[in-house]
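Q: Could you go through this structure with me? I would like to talk about charged pairs and then about pockets.

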Amino acid sequence: MSKHKTTQEHKRLQETYQQNKKWLKWGPYLSERQWGTVREDYSEHGEAWDYFPHDHARSRVYRWGEDGLAGISDDRQRICFAPALWNGRDPILKERLFGLAGPQGNHGEDVKELYYYLDNLPTHSYMKHLYKYPHAEFPYSELVAVNGSRSRHEPEYELLDTPAFAGKNYFDVFTEYAKAAEEDLLIRITIFNRGVQEAPIWVLPTLWFRNLRAFGLMAEKPVMKLEREDDGQPCVKVAHPEIGNYNLFFSGAERLLFTENETNTERLYGIANNTPFVKDAFHRAVTGQQFDWLAEKTEGTKFAPLYHFRLPPGEKAEIRLRLCREKPAGTQPLGKAFDTVFSQRMKDADEFYSGFQKGEDEGLANIQRQAFAGMLWSKQYFNIDMPRWLNGDPGQPAPPTARKSGRNREWATLNNEDIISMPDKWEYPWYAAWDLAFHCVPLAMLDAEFAKNQLILFLREWYMHPNGQIPAYEWAFGDVNPPVHAWACLQVYKIDARRTGKPDKPFLKRVFQKLLLNFTWWVNRKDRNGNNVFEGGFLGLDNIGVFDRSSYIPGGGHLEQADGTSWMAMYCLNMLEMALILGEEDVAYEDVATKFFEHFVYIASSLNRIGEDWTGAWDEEQGFFYDILALPDGRYIPLKVRSLVGLSTLFAVLVLEREKLEKLPGFYERLRWFMQYRKDNNENLVIEEFHEGKDILLSLVPRERLKRLLAALLDESEFFGKGGIRSISRVHETPYAVNINGQDFGLRYEPGESTTGLFGGNSNWRGPVWMPMNYLIIQSLRTYHCYFEDSMKVECPAGSGRWVNLDTVADDISKRLIGIFRQGPDGRRPVHDGYEVYHSDPHFRGLVLFYEYFHGDTARGVGASHQTGWTGLVAEMIDRVGWEKVGAEIENHVLHRV
């Protein structure tokens, strides 16, 4: 990470955080899917997909938020904007992205659209989005039917598998936003006909109010009203009782359409509407080409100017709009000044991102910039008030009684209304706490204050449970995810310090106090026997075990998890490191630093201990850590699956630097006494190499065991794949099986989509490559190298005869991960393996998707297609190692022999 020069965008960020300017008032905060979410679900048995399906979305008012295509909103989502499209053939307007609900897909829910986040600045002063819309009728029914007919052993049926894009007959619809001022938003929609024939398209840039009155949340009705400027040009006056007044200017349109954001009860429930002007009125008008009944309506809560173009091949059309508080003085709202602002903001974006580019590789710069764009486009307004959700709104039908004993009932103190970084705004349009921790690393490179505020937010009283648990996600706030929040706080602190040269210790102090509560929750709830060996359940790794680790454990026993224990050891070291940083200025932190040091030693000793009365997690013969199933009759059964569960033991490592220890004499003295005490009592020291006046290595994995783990990690027939470290070893191509009390369990290596229905079936930890886990492995290797330097070298890849230090190993893994997205010598990217259009069509060639995970053998993207969230970590890897020549001799040896 290098320090950046101060750009115009940096100045806007400073104004935002130091002068309370409102550059973040408006942004890409509109969800891409509000339907099918838990917060909109008022069914008796929690059937979110069925209660509010896609077919209802165009006609039914949302309670907790809004959605749209390439849309924006204010930070309280009172006013929303998004374009809608129609190609003259579809049965409905394209107002929102289409995808399969969880039960419809053979691999769970999945968006079935082609869209790309091309650019975005941290203040959202410039944003660019691309949507590809076919000339042919969108194959809604075909996508549902074909996917529904396929088994879990077959691939998903995607939009590019249908005939819709055959012959390259489609539109590219670019939606761009530029801010002339904090609340002066310029909007430009450009439509290109990429096909070989003339084609019609209708465009409805739509502005609407979220309907809060229907739920008793607002007394006065907001209104949008058509007025004429002095020059006779139409303008819509926007008046909202909570956030004030705006003006919407727009280029000349064919028609001006108004309606109300009210549910079409007649269509959905057979109950007569109070007014014909309902939420889906534009669908009826445009698809039926019936406009007379809307002609006299000049105000409402939803408005769109209608544009109709017939575009010859290769031609384009442009639409301009401007949403602002006041009409710009002395200039036409959509005139030359409009062009000037867009040009300047695009220049600002180039200037801002040039600070990250350390070489001349334009392809690599494109990957990093699209990764950053995806991170910023994935910011979303999220709202749920649990007491209201559980009990219902005044004047509305009461929720089913079963809700009081159903999902999330224990979280009555949770009340969220914030802008939050989402994993994927269609597939996962709800926060996931451990995903968010990883999001904050690349976000800190762009906007460290936003990243810090996100981490603080989840420790606040209206998020964190009174018992100290951090909420997981809306499907089950009480699920247990890996405790990576402290790790993320440290990463953001360090990135910010390197960027600014000013360590933000008040931030660390602020999060440290709340993290103590969360750490205590973990110790009290997940160390069943008080032996420093932890459980935790699935811990975010979904189907990685031979059975669901969050449900009933076979044989009535409990699972002593290598990864649960590893995560807690890592948590100890994260808290220790924070305490040592803060202890440099406040001696009070030395005491708690000692506590975390000693706790780490106890955990490390338990994980590594082997004795006559103990079946340890470490298997000396196989050189690996495994989960242990403890049965009620006293038997311990190792579950010998070679997976990330065992590799997670690498995560807990910290170097205590001699110079820093000398600044903390109290802690250093206690450390020496404690180590001598354990030595005198013949207890595991954990610290193998303790020499006065030298750095100290704290590691969950002793040196010799580390070498054996790394031999497996770097073996291409085990974990080391073309695109990084696999989640399960390829040795399990031969299935693993275990019998527990007469019942058989097992798994096999599955490099792509999951063949089971565990956790919805849309993610798979039985073989693919996952970016966040790779990132933690890379970080750990660099930490080990800080201590061992060239005194430890390993063969990379195993059997290659190439011996390198651990920092070089970290670089090699990073380059394989970056290589997922890079064009190879044949011009193809592994991430898009199987789809020739990304190579053959020049309008696809530069586009990059950042998937949830990647095929363990081919590196093809799998799962959620826009999970820039944690896959956005690749942007940081590019910043660190990507600008080195990836086509070097080493890379040819490493990549091409796989």
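This is a predicted model: local features need pLDDT of at least 70, side-chain atom pairs count only at pLDDT 80 or more; totals for chains, interfaces and linings use all residues.

Q: Ok, which residue does arginine 320 pair with?
A: The side chain of arginine 320 meets that of glutamate 318 in a salt bridge, with a distance of 2.6 Å from N to O.

Q: And is arginine 320 buried or exposed?
A: Arginine 320 counts as buried because its relative accessibility is 16%, and buried means under 20%. Glutamate 318, at 35% relative accessibility, counts as partly exposed.

Q: What does lysine 505 meet in a salt bridge?
A: Lysine 505 meets glutamate 585, and the N to O distance in this salt bridge is 3.3 Å. The pair links distant parts of the chain, 80 residues apart, with lysine 505 in helix α13 and glutamate 585 in the loop between α14 and α15.

Q: What about glutamate 598, where is its partner?
A: Glutamate 598 lies in helix α15 and its partner, arginine 670, lies in helix α18, so that this pair also links distant parts of the chain, 72 residues apart. The closest N and O atoms of their salt bridge are 2.8 Å apart. Glutamate 598 counts as buried at 12% relative accessibility, while arginine 670 counts as partly exposed at 33%.

Q: Switching to pockets, how much space lies in the largest pocket?
A: The largest pocket holds about 1,000 Å³ of space. It is lined by 36 residues, and the closest to its centre are Lys494, Glu577, Leu654, Glu657 and Thr783.

Q: Which element gives the most to that lining?
A: Helix α20 gives the most to the lining of the largest pocket, with 8 residues. The elements that each supply at least two residues of this lining are α12, α14, β25, α17, α20 and α24.

Q: And what is the lining like by class?
A: The lining of the largest pocket has 18 nonpolar, 6 polar and 12 charged residues.

Notes. Residues are numbered from 1 along each chain as its sequence is written. Side-chain values use heavy atoms; hydrogens and water are left out. A salt bridge is a side-chain nitrogen of Lys or Arg within 4 Å of a carboxyl oxygen of Asp or Glu. Buried means under 20% relative accessible area, exposed over 50%, partly exposed in between (1.4 Å probe, protein chains only). Helices (H or I, at least four residues) and strands (E, at least two) are DSSP runs, numbered from the N terminus. On a 1 Å grid over the protein atoms alone, a cavity is a set of points where a 1.4 Å probe fits but cannot get out, and a pocket is an open set with protein on both sides within 12 Å along at least five of seven lines; lining residues have an atom within 4 Å of a point. Grid points are joined across faces, edges and corners, and a volume is the space filled by probe spheres set on the points. Ala, Val, Leu, Ile, Met, Phe, Trp, Tyr, Cys and Pro count as nonpolar, Asp, Glu, Lys and Arg as charged, and the others, Gly among them, as polar.
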